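Hello,

Here is the structure I said I would pass on. Please look through it first, then read the notes below it.

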Amino acid sequence: MGIKNWKWFAVLVAVIFAGGLFFLGKPAMKEVSAVQAPGLPADSMQVIQKRGLSPDDVFGALSTYVPTGKYDEYYMFASGGHGGQVLVIGLPSMRLLRVIAVFEPESWQGYGFGVKENPLVNKTETIPGQKPKDLSWADTHHPGLSETDGKYDGQFLFIGDKANGRLAVIDLRDFETKQIVDNPVVNNDHGAAFVTPNTEYVVESTQFSVPLGGKYAPISDYQKEYRGLATFWKFDRAKGRIDGEKSFALELPPYWQDLADAGKGPSDGFVFINSFNTEMATGGIEEGNPPFEAGVSQRDMDYLHVINWKKAEEVVQQGKFKVVNGMKVIPLDVSAAEGLLYFIPEPKSPHGVDITPSGKHIVIGGKLDPHVTIYAIDLIQQAIEKKDYEGTDPYGIPILRFDAVKKAQVELGLGPLHTQFDNHGYAYTSLFLESAVARWTLGDDKFQAPEKPWTLVSKIPVSYNVGHIAVAQGDTVEPDGNYLVALNKWSVDRFPNIGPLLPQNLQLIDIAQTGDHMKLLYDMPIGMAEPHYAQIVRADKIKAWEVYPEVGWNAETQSKSNTAATESKVVRSGNNVEIFMTALRSHFDPEHIKVKQGDHVTLHITNMERTRDATHGFNISNYNIAASMEPGETVDIDFIADKPGVFPYYCLEFCSALHLEMMGYLMVEPAE
Ligand code: K7E
Ligand code: CUA
């Protein structure tokens with residue numbers, strides 16, 4: 001600790017002490033500040049007094065304030081819910097650093113407004129013959145950072161689209177979306193995106209069973225025709241792309257598969273997916289049937305799915321699959337015969353499934369049961385080996401005996417959902433119905449002596465209805481601890497009224513100390529849809545570019561563009577007009593583009609800048625075109641000049657004192 005930090009520590013102690021005295025109505029602030037806080041400006045005390053801050057408030061403020069020009073310790077990548085994007089937030093300041101355009105058009109980034117180098121415009125086939133779906137929104141739930149040896153490596157981020165069964169790949173060198181793959185077999189998911197420990201595969205499992213391959217089947221044929229699916233998308237790290245042809249999927253019974261997590265260490269090679277609606281209820285409240293909410297909650301136990309993906313990979317290599325819309329799908333009977341899939345009873349309509357950092361244990365949140373249930377991978381493997389089954393399900397999948405594989409159950413409270421882990425051997429579980437986060441000890445998992453029990457330690461209330469929680473690196477083999485963020489669904493009274501549609505509330509909690517110490521530090525409103533899950537990664541793991549590596553960079557291929565030009569040029573051939581344009585403070589070259597109505601116009605715009613932050617934007621009035629050219633980037637835009645008239649184009653970023661002069665005219669001469 002440097003001398004500067006010591007000074008701050010002294011100030012912190014003094015402020016908290018002084019704040020405490022103030023709160024208790026003891027001696028006057030002035031005296032306290034003079035005696036207890038040498039070096040603390042008297043006006044700071046006045047601020048505390050004037051704003052009525054409690055000692056906890058002062059602690060929260062000092063814990064989260066990142067001074068101007070200083071950086072946060074962590075990046076948090078949060079899903080954007082049905083806003084379809086990804087949020088990048090700095091911790092502990094909780095400052096929003098960026099919204100990454102993923103599944104929706106976003107004009108600041110020029111994403112979806114005519115620029116060809118993005119997956120929303122330049123749709124590519126994932127699997128030969130597959131037409132990508134033409135959609136402009138998504139419901140993003142679970143971001144998944146790429147991993148090496150079970151640790152975040154800071155290279156890529158994946159995120160699933162629950163509503164439409166898609167998966168996106170974001171490159172963290174430039175924080176831009178590079179690929180969107182559509183699942184050709186199903187049209188929704190939920191267990192996405194979860195990566196295997198070396199990002200061999202990105203897992204995407206369904207939520208709601210449907211007839212596979214986009215077929216139609218009446219709901220009366222539910223058990224026969226409807227199916228779930230676990231898709232293993234092969235990730236090609238060198239290309240930074242999912243390889244559809246090397247991907248495969250496992251057909252699953254028509255239960256509603258929920259979240260997924262990949263095993264690691266001793267459980268590497270397995271993927272765990274929980275489920276509900278093993279009742280196979282089909283709803284139909286309007287026909288006098290029990291509604292789904294009742295029908296899917298009849299049984300006391302549902303099934304945790306245990307998938308041996310390494311074995312499944314071999315089975316695919318042996319050709320034991322069928323092809324559905326270009327995707328290799330392992331049928332249920334093959335999974336049963338080859339030992340690829342097992343079920344474990346899990347209490348009752350569970351939600352979260354999370355593997356401990358050691359990889360030895362699997363934690364299930366009960367949702368309608370006050371416990372978390374912990375299973376041990378060694379017990380699971382023994383039971384599989386001994387064929388210690390209680391029977392099979394209607395589809396022939398073996399069911400392991402609950403008592404044979406259960407390690408422990410811990411009663412935590414109402415509505416346990418998602419679990420994260422820290423570096424002290426604690427687990428944290430969100431309690432949705434109770435609006436709290438529980439801290440509990442991980443028994444004889446990696447960090448604790450064997451005699452340590454699996455037990456509840458403490459709880460902290462949150463506001464309100466917490467879904468996921470995120471601990472710094474808390475789903476990897478090396479959790480950092482320090483901070484936990486509760487991603488709360490409801491904010492009710494926490495923020496000024498902005499009408500009936502309220503923001504979410506992300507609450508930052510200090511978990512650095514052990515025992516019952518957990519302290520709420522900060523409330524961050526999210527005025528944009530519903531971040532479900534988030535991952536928090538140490539800032540030093542992210543090595544993003546400051547500017548693109550060379551002038552004339554194609555951000556889609558992450559290589560030199562073959563349409564880059566350092567000098568302007570216009571090439572005409574019949575109805576085709578190709579313009580090589582440069583952008584440099586403070587002009588575009590050319591400044592006049594003359595075409596005829598109906599011409600096919602192609603623009604290649606290169607930002608010549610090498611200065612960090614010297615981004616230029618480009619737009620054409622009334623043509624629905626907007627681009628962002630970051631330093632060094634070349635973008636390609638093409639359109640039909642179907643509207644005659646004179647249309648200004650100008651730079652969208654206030655890039656210099658003469659930014660307003662950075663413009664030109666597109667002149668479209670009317671056709672005769
Ligand atoms: Cu619990 Cu989609 Cu992970 Cu929301 S899910 S909370
Ligand atoms: Cu370039 Cu403003």
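A residue is called buried if its relative accessible area is under 20%, exposed if it is over 50%, and partly exposed in between, with a 1.4 Å probe and protein chains only. At 8% relative accessibility, Glu-251 therefore counts as buried.

Before the rest, a note on the source. The model is predicted, and local features need pLDDT of at least 70, side-chain atom pairs count only at pLDDT 80 or more, and totals for chains, interfaces and linings use all residues. Residues are numbered from 1 along each chain as its sequence is written, chains are lettered from A and ligands numbered from 1 in the order in which they are written, and side-chain values use heavy atoms, with hydrogens and water left out.

Salt bridges

A salt bridge here is a side-chain nitrogen of Lys or Arg within 4 Å of a carboxyl oxygen of Asp or Glu. A search of the whole structure gives 30 of them. Strands and helices are DSSP runs numbered from the N terminus (helices are H or I with at least four residues, strands are E with at least two).

Which residue forms a salt bridge with Arg-227? The partner is Glu-251, and the closest N and O atoms are 3.0 Å apart. Arg-227 lies in strand E11 (residues 226-236) and Glu-251 in strand E12 (residues 241-252), so this pair ties together parts that are 24 residues apart in sequence. Both Arg-227 and Glu-251 are buried.

Glu-251 also meets the side chain of Lys-322 in a salt bridge, at 3.7 Å from N to O. Since Lys-322 lies in strand E16 (residues 322-324) and Glu-251 in strand E12, the pair ties together parts 71 residues apart in sequence. Lys-322 counts as partly exposed because its relative accessibility is 35%.

Another salt bridge joins the side chains of Glu-478 and Lys-541, with 2.6 Å from N to O. Glu-478 is in the loop between strand E29 (466-472) and strand E30 (481-488), and Lys-541 is in the loop between strand E33 (534-538) and strand E34 (553-554), so the pair ties together parts that are 63 residues apart in sequence. Lys-215, Lys-224 and Glu-225 are joined into one network by salt bridges that share partners.

Two strands pair if DSSP finds at least two bridges between them. Five strands form an open sheet with mixed pairing, in the order E39-E45-E44-E41-E42. Its edge strands, E39 (592-596) and E42 (625-629), each pair on one side only. E39 pairs with strand E45 (residues 663-669) in the parallel sense over five bridges, and Val-595 stands opposite Val-668 in E45.

Around ligand 1

A residue is near a molecule if one of its heavy atoms lies within 4 Å of it. The residues around ligand 1 are His-141, His-142, His-190, Leu-259, His-351, His-418, Gly-467, His-468, Lys-489 and His-532. Strand E4 (140-148) and E29 are the elements that give two or more residues to this shell.

Cysteines

A disulfide is a pair of cysteine sulfur atoms within 2.5 Å. By this rule the count is zero. Cys-651 counts as buried at 1% relative accessibility, and Cys-655 is buried with a relative accessible area of 17%.

Regards
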